[in-house]
Amino acid sequence: MAAFSYTTIFFLVSSTLAYTVFSEIFKPRDINKWPKPPCKMYYSVDPSYTSQCPDVTSYVCATNGHTYQNECFFCVDQWEFGPHIKFYKYGKCD
């Protein structure tokens, strides 16, 4: 009888832990809740200034389907080519 109760307890604890772990892995992500890049910090006050973006790889995907190396490159393109370039998500575009 004691072996049955230990087996039952083990099964219940294992299934609860498995549900907790796997429910977070397969949970759908809402990309509308992601924070937008802080582009104002990359804009120049002087119009003749050429921006120097850091050589850091942290991909940003825009609505035009272009993957930028990081949010600085995205913000500079948005500043130079207009507001029709919008932030879509962090990471590479699919």
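Start by selecting Cys72: is Cys72 buried or exposed? It's buried, with a relative accessible area of 4%. Keep in mind as you look around that this is a predicted model.

Cys53 and Cys72 make a disulfide, with their sulfur atoms 2.0 Å apart. The torsion about the S-S bond is about -75 degrees, so this disulfide is left-handed. The pair links distant parts of the chain: Cys53 sits in the loop between helix 1 and strand 1, while Cys72 is in helix 2, 19 residues apart.

Next, pick Cys39 and Cys75. Another disulfide joins them, S to S 2.0 Å. This link is left-handed, with -70 degrees about the S-S bond. Here too the pair links distant parts of the chain: Cys39 is in the loop between helix 1 (2-25) and strand 1 (60-62), and Cys75 is in helix 2 (residues 71-81), 36 residues apart. Cys39 is buried at 9% relative accessible area, and Cys75 is buried at 0%.

Last stop: select Cys61 and Cys93, whose sulfur atoms lie 1.9 Å apart in a disulfide. Cys61 lies in strand 1 and Cys93 in the segment after strand 3 (87-90), so the pair ties together parts that are 32 residues apart in sequence. Cys61 is buried at 3%, and Cys93 is buried at 19%.

To wrap up, show the 3 disulfides together. Number the bonded cysteines in sequence order and the pairing reads 1-5, 2-4, 3-6.

Definitions and conventions:
Residues numbered from 1 in each chain as written. Predicted model: local features only at pLDDT ≥ 70, side-chain atom pairs only at ≥ 80, totals over all residues. Heavy atoms only, no water. Disulfide = S-S within 2.5 Å. Helix = DSSP H or I, 4+ residues; strand = E, 2+ residues; numbered from the N terminus. Buried < 20%, exposed > 50% of the residue type's maximum accessible area, 1.4 Å probe, protein only.
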